[in-house]
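Student: I have a model open and would like to learn how to read it feature by feature. Could we start with the surface and work inward?

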Amino acid sequence: MSAKRICKDAILTAIALVAFMVENLFPPLLFFAPGAKLGLSNAVALITLIIVGAPDAFVVIILKCTLGAVFAGNPFSLVYSLPSALASIGVQTALYLTLFPRISLMAISLTGATAFNIVQLSIASLVAGVNMLPLLPLMLAASLVAGAAVGLIAFLTVRFLPRSVCVNDFRERRIK
């Protein structure tokens with residue numbers, strides 16, 4: 001791994017971590033969905049996937065979850081956040097590499113947000129020993145809001161980035 005790539009990953013991780021910490025200062029996104037957040041740091045992971053590549057997106061998400069849990073003072077939150085974030089970026093990676101540009105970044109983001117919430121509720125059910133899947137419709141509503149916002153942020157960011165910043169061929173894949 002080159003020094004330039006490590007620096008890009010470090011900068012992207014720092015941006016994701018700052019977005020995560022700032023977002024933690026605000027109350028939940030939707031009053032009816034407990035703990036729902038917009039997930040601004042997930043926009044950074046999606047942008048990383050597009051401009052640098054899948055391995056780097058996974059590195060950024062793992063570091064963001066790990067450091068976020070430590071900085072927020074809640075290491076146990078890693079039990080919920082890391083598997084959910086890995087599922088989300090995994091689904092987004094598969095869709096981006098196989099179906100983009102036939103499907104939009106918005107659709108990719110919405111699918112990732114949905115995967116995140118499904119995995120997180122499943123883990124919460126296992127940890128608590130209580131079926132929390134009845135909350136799924138509420139969490140899916142939150143996924144629509146969060147996924148749309150993250151998709152829009154990723155689209156606008158990538159659309160206007162200079163070519164010199166990007167390693168991948170996203171310009172050739174036509175982000176419109």
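Tutor: Gladly. Val59, Leu63, Leu67, Val70 and Phe71 make up a nonpolar patch on the surface, and together they have about 400 Å² of accessible area. Keep in mind that this is a predicted model.

Student: Where is phenylalanine 71 placed?

Tutor: Phenylalanine 71 belongs to helix H3.

Student: How much surface does the protein chain have, and what share of it belongs to carbon and sulfur atoms?

Tutor: The accessible surface of the protein chain is about 8800 Å², and 75% of that belongs to carbon and sulfur atoms. As for the interior, buried residues account for 40% of the 176 residues in the protein chain.

Student: Which secondary structure elements does the protein chain have?

Tutor: There are six helices and zero strands, so from the N terminus the order reads α-α-α-α-α-α. To see how the parts connect, look at contacts between residues at least 6 apart in sequence: 67% of them join residues at least 24 apart.

Student: Let's take a helix, then. What span does H4 have, and which of its residues are buried?

Tutor: H4 has 22 residues, and from its first C-alpha to its last it reaches 30 Å, close to the 32 Å expected at 1.5 Å a residue. Its buried residues are Ser81, Leu82, Ser84, Ala85, Ser88, Ile89, Gln92, Thr93, Leu95 and Tyr96. The cover over these buried residues includes H2, H3 and H5.

Student: Now for charges. How many salt bridges are there?

Tutor: The general idea is that side chains of opposite charge can pair when their charged atoms come close. Here the count is one salt bridge. The side chains of aspartate 56 and arginine 5 form a salt bridge, with 2.7 Å from N to O. This pair links distant parts of the chain, since aspartate 56 sits in helix H3 (residues 54-71) and arginine 5 in helix H1 (residues 3-23), 51 residues apart.

Student: Is aspartate 56 buried or exposed?

Tutor: Aspartate 56 counts as buried because its relative accessible area is 0%, and the cut-off for buried is under 20%. Arginine 5 is partly exposed, with a relative accessible area of 30%.

Student: Which residues does aspartate 56 touch?

Tutor: Leaving out residues up to four places away in sequence, aspartate 56 touches Met1, Arg5, Asp9 and Thr48.

Student: What lies 3.0 Å from a polar atom of the side chain of arginine 102?

Tutor: That is the backbone oxygen of threonine 98.

How values were computed
Residues are numbered from 1 along each chain as its sequence is written. This is a predicted model: local features need pLDDT of at least 70, side-chain atom pairs count only at pLDDT 80 or more; totals for chains, interfaces and linings use all residues. Side-chain values use heavy atoms; hydrogens and water are left out. Helices (H or I, at least four residues) and strands (E, at least two) are DSSP runs, numbered from the N terminus. Buried means under 20% relative accessible area, exposed over 50%, partly exposed in between (1.4 Å probe, protein chains only). Contact means heavy atoms within 4.5 Å. Accessible areas come from the Shrake-Rupley method with a 1.4 Å probe; for residues, only the protein chains shown count as cover. A polar contact is a pair of N or O atoms within 3.5 Å; within protein, one must be able to donate a hydrogen and the other to accept it, and residues adjacent in sequence count only if both atoms are side-chain atoms. A salt bridge is a side-chain nitrogen of Lys or Arg within 4 Å of a carboxyl oxygen of Asp or Glu. Patches are made of residues with over 30% relative accessible area and no salt bridge: like charges are joined within 9 Å, nonpolar side chains (Val, Leu, Ile, Met, Phe, Trp, Tyr) within 5 Å. The expected span of a helix is 1.5 Å times one less than its number of residues.
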